[in-house]
Amino acid sequence: MIYFYSYLALGFLTLVILYTTHRIREPRKHSSTLKALFHSSPRHRIEWKERLLESIVIPLTALFVVVVWPYALYKYLVILYMNFNPRPKSSDEEFSVDVAHLIEELSINEIESRERVYDPLGSVPDLPFGHLNSTWNTFLHKAEAYDAIWSFEAHWKPRWGSTVHKVGYALVNQKKHQPGAFFLTLNNETWPSES
Amino acid sequence: MTDQFPERLHYQNREYSMCTNPLEDYFELTGIRPKFVETSSALWRGYEGKWVIIHDRLYLIGIDGCLSNGTSAFSSRFATLEDIFPGFPKRVFAHWYTGTIRLPYGNRLDYDHGEYGSSFEYDLMIEVSKGVITSTTIRENTVPEKTSFSLEKIIERIESKEALKAQETQGDLFL
C-alpha cells in the first residue's frame, strides 16, 4: 500500500511542478482592472456550458495527472522538446514571389514618389508608404549587388484557408532573374465568391 | 472556437460592432505583432480597436488591450496607439487596409459560437481601398439575395417595429 501512496504522492508532485512551470512560462493573463472591466461589460457573458466545462475539465485534468503521471510527464517533455526544436515549415506553407508574379522593374525614386500617402488630418507620416515606411526601409537594406526592385502581384493559395491576394515589391537578382525578399503593400484574403 | 469580441466603429453618428480586424492586416504587412496578453477566451487577438470614419476615411482612434512587459512573466501594461504607431497617440489613418468591413445590425437571427459567426438581420458592408471608403451596401439577411436599402429606411423599419411592439404592450396593460 505504501507503494501506491508513494505513486500518488509523486503524481501530485508532478501536478504541482507542471502547474508551476506553466504559470512561470505564461504571462499573467488577468489584471484586476481588466477583470472588473470585462465582468462589468454587458457584452461579457459566460455561457453555462463554458462554466460547466471549466468546473469539470480542470479537476479531471488534475486527477488524470496524479493518477497517470508518468504518461503526463512524458507528454509534457515531448511538448517542451518540440517547442525548442520546431519542425521547419514546408515550402508550400510560406509564400514566396515567383517570376510569373513580377510586373515591372522600378527605381527606388519611382516607387517612393508613387507610394506617398496623403491624409488631410495628418494622421500618417509624410513618408513613402506612410506607417509602413520602417518596413520598407528594412526591405531596402536587404538589397544586395545586382538586385533590382520589381513590383509583383499574386493570388496565393496556402494549404489551409482561402486564397490571399498579395501585392508589393520584390528584390530580383538581375543575373539569375530570381526573386528573393519581398515587401507587401496588400495582403487580402479573398473568399470563393470574390475570386 | 469561442465567439470573439468585435471591434468598435463610430460611423454616421452611430456606434457599431465591427466584425473585421483591419489592424491584423497591418501586423501581417509589417511582420511584427505586439505581444498582446490574451485576457479572455473571447478575445484571442488580445485587444479591441476603436475606429471612426471621417470624410470617407478609416481611422484608428484607440486600442484596449494589455501588452506583456517582457521583463517578468507576471507583468503587463495597457497598450496605447503610440506603442504601435510612434508619434501618433490620438489618430491613425488606416491606409494599409483594403477589404470589406462588416457591421452587423438589427436583431440576431442565429447564434454561432465561432468567431463572428452569428448572423443578424442586416449587415452594413463597407468597401475600403487603401483606407478610403469606396462603397457601402446593406445586406438583409432574411432574404436570399442582396438588396440595396438606405440606412435611414432600415432604421425607420426597426424603430416602427419597436413602436408597434410598445403600443401592443400598452394596449395589453389597459385590458
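Me: Contact means heavy atoms within 4.5 Å. This is a predicted model, where local features need pLDDT of at least 70, side-chain atom pairs count only at pLDDT 80 or more, and totals for chains, interfaces and linings use all residues; side-chain values use heavy atoms, leaving out hydrogens and water. Residues are numbered from 1 along each chain as its sequence is written, with chains lettered from A and ligands numbered from 1 in the order written. Which elements do the buried residues of helix 6 of chain A pack against?

Reply: Helices (H or I, at least four residues) and strands (E, at least two) are DSSP runs, numbered from the N terminus. Buried means under 20% relative accessible area, exposed over 50%, partly exposed in between (1.4 Å probe, protein chains only). The buried residues of helix 6 (133-140) are A:Asn133, A:Thr135, A:Trp136 and A:Phe139. They pack against helix 1 of chain B and, in chain A, helix 5, strand 2, strand 3 and strand 4.

Me: Within what arc do the buried residues of helix 6 of chain A fall?

Reply: The arc is taken from the directions from the helix axis to the C-beta atoms. The buried residues of helix 6 of chain A line one face of the helix, because they fall within an arc of 160°.

Me: Which are the edge strands of chain A?

Reply: Two strands pair if DSSP finds at least two bridges between them. The open sheet has the order 1-2-3-4 in chain A, with antiparallel pairing. Each edge strand pairs on one side only, and these are strand 1 and strand 4.

Me: Is A:Thr163 buried or exposed?

Reply: A:Thr163 sits in the loop between strand 2 and strand 3 of chain A. Its relative accessible area is 18%, so A:Thr163 is buried.
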